[in-house]
Each structure stands twice: as C-alpha cells, then as structure tokens.
Amino acid sequence: DPYIKFLSREESRMELFKRIGKSAEHIVGTIANFYPAKNLETFIDAAALVKQDDTIFCIIGGGAQRQKLESIIKRKNLEDKVILLGKIPNAAQYLPGLDLFVLSSSKEGFPWSVLEAMVAKLPVIATKVGAVPEIIEDGKNGYSVNVGDSSTIAQRIEELLSNELLRQQLGIQAHQTVLFKFNIDTMVREFEALL
C-alpha cells in the first residue's frame with residue numbers, strides 16, 4: 001500500500017527520541033527481527049565505522065539474538081550510538097522519523113520493510129539478497145551493497161547524511177518506484193499473469 005498511514009516527521013522523531021532516551025541530529029534505522037538471517041552484526045559494524053557526529057543508529061525489533069547483539073554493542077563501546085528499541089507495534093508508522101533505512105540481511109525473500117521505507121520517502125541502503133536487486137536500482141532509488149560489507153554501508157551512510165539533497169532525491173525516486181512498480185494493483189495483476 002503506497003498510502004501507509006505514517007506519523008509526521010516531527011511526531012515520529014519525538015516518539016523515537018522518547019524511546020531512545022535522547023535526541024540527535026540524525027537517526028539511521030532498521031526494522032528487523034533479531035534472527036541470524038537479518039545479519040544485524042553488519043548494521044552494528046557499519047555504525048562503528050561511521051564518523052558522523054550526533055548520529056544514532058536504532059534497531060526496531062526483537063528476537064532470540066538480543067543478548068548476542070547487546071554484547072556486540074557493549075564490546076564495541078557503542079551503547080550511546082546503537083540502540084535496540086525492542087518490538088514496537090505498527091513500527092512502520094515511525095519511519096518518517098529516520099533519515100535513512102538500512103537492510104543488512106544475509107538472506108531475504110521480498111523484504112517488506114524496504115518497501116515501507118521507500119513509501120516513507122527514505123533513502124535505502126540494502127544488501128543484494130532475495131528480491132532487493134529487483135527493488136533497488138543502485139544509485140537511482142537507493143543503494144545496494146554486498147552482504148557483510150559494513151565498510152561500504154558506512155561510506156554510503158556518511159555520503160547520505162552529509163547530503164540532504166541526495167537523501168531527498170533518492171527518497172522521492174524510492175517512493176515513485178513503489179507507487180508505479182510495486183503498488184497492490186500492479187502486484188496482483190502480475191501474480192495473476194504468472195498463475
């Protein structure tokens with residue numbers, strides 16, 4: 001649905017800052033279950049490499065790997081930079097509060113969270129897994145990177161955080177992609193054609 005009911009940017013940022021416990025100039029985020037396939041270690045590694053001051057990295061979700069992720073964050077001294085927000089009902093409504101969205105998965109099917117981020121007009125950095133190459137045209141409506149490449153993810157994050165115009169351009173192209181290529185009517189029609 002390209003017409004998801006989001007909170008406004010101001011409302012969603014206020015809510016996220018409340019949950020995070022402090023504010024920042026930029027928020028880089030993801031929504032993911034804490035499972036091995038989501039490869040959140042790469043997200044954390046990228047956060048450690050980003051030199052941009054006043055940036056918070058938040059992960060919305062929960063699951064069996066929470067303790068492992070907490071220990072990685074602690075070992076890398078990132079407690080003030082990478083925040084595990086836990087499960088949040090209807091988490092997609094907070095997407096406008098982010099400055100960009102990262103999907104660091106090592107395995108995916110058709111990642112719904114990427115489409116939701118694109119509907120929210122966010123620039124997306126996503127690993128080349130599952131259907132991501134069909135969704136993201138590298139450099140046009142987002143960035144696609146190799147699995148586990150935290151260095152390139154960090155570079156792309158820094159590039160986007162330092163260039164608001166580029167964030168807006170990629171976000172608009174991302175939104176247009178969902179609007180015209182992945183809206184519900186088009187998807188149903190293509191499924192019917194396959195069947």
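These legends describe close-up views of a predicted model. Local features need pLDDT of at least 70 and side-chain atom pairs count only at pLDDT 80 or more, while totals for chains, interfaces and linings use all residues. Residues are numbered from 1 along each chain as its sequence is written, and side-chain values use heavy atoms, with hydrogens and water left out.

**View 1. The largest nonpolar core holds 37 residues.** A nonpolar core is a set of buried Ala, Val, Leu, Ile, Met, Phe, Trp, Tyr and Cys residues joined through side-chain atoms within 4.5 Å. Buried means under 20% relative accessible area, exposed over 50%, and partly exposed in between (1.4 Å probe, protein chains only). Phe 101 and Met 118 touch the most other members of this core. Elements that give two or more residues to the core include helix 1 (9-20), strand 4 (100-103) and helix 7 (164-181). Helices (H or I, at least four residues) and strands (E, at least two) are DSSP runs, numbered from the N terminus. Helix 4 gives the largest share, five residues. In soluble globular proteins, nonpolar side chains tend to be buried together.

**View 2. Phe 101 and its contacts.** Contact means heavy atoms within 4.5 Å. Not counting residues up to four places away in sequence, Phe 101 touches Gly 29, Thr 30, Ile 31, Leu 95, Ser 113, Val 114, Ala 117, Leu 122, Pro 123, Val 124 and Ile 125.

**View 3. A second, separate core has 29 residues.** Val 28, Leu 69, Ile 73 and Ile 153 are among them.

**View 4. Asp 99 forms a salt bridge with Arg 9.** A salt bridge is a side-chain nitrogen of Lys or Arg within 4 Å of a carboxyl oxygen of Asp or Glu. By this rule the model has nine salt bridges. In this one, the closest N and O atoms are 2.9 Å apart. Asp 99 sits in the loop between strand 3 and strand 4, and Arg 9 in helix 1, 90 residues apart. Asp 99 is buried, at 6% relative accessible area. Arg 9 is partly exposed, at 33%.

**View 5. Arg 13 also meets Asp 99 in a salt bridge.** The N to O distance is 3.4 Å. Arg 13 lies in helix 1 and Asp 99 in the loop between strand 3 and strand 4, so the pair ties together parts 86 residues apart in sequence. Arg 13 is buried, with a relative accessible area of 10%.

**View 6. Glu 159 and Arg 156 pair within helix 6.** Their salt bridge spans 3.0 Å, N to O. The two residues are three apart in helix 6 (residues 150-161), about one turn of the helix. Glu 159 is partly exposed, at 31% relative accessible area. Arg 156 is partly exposed too, at 23%.
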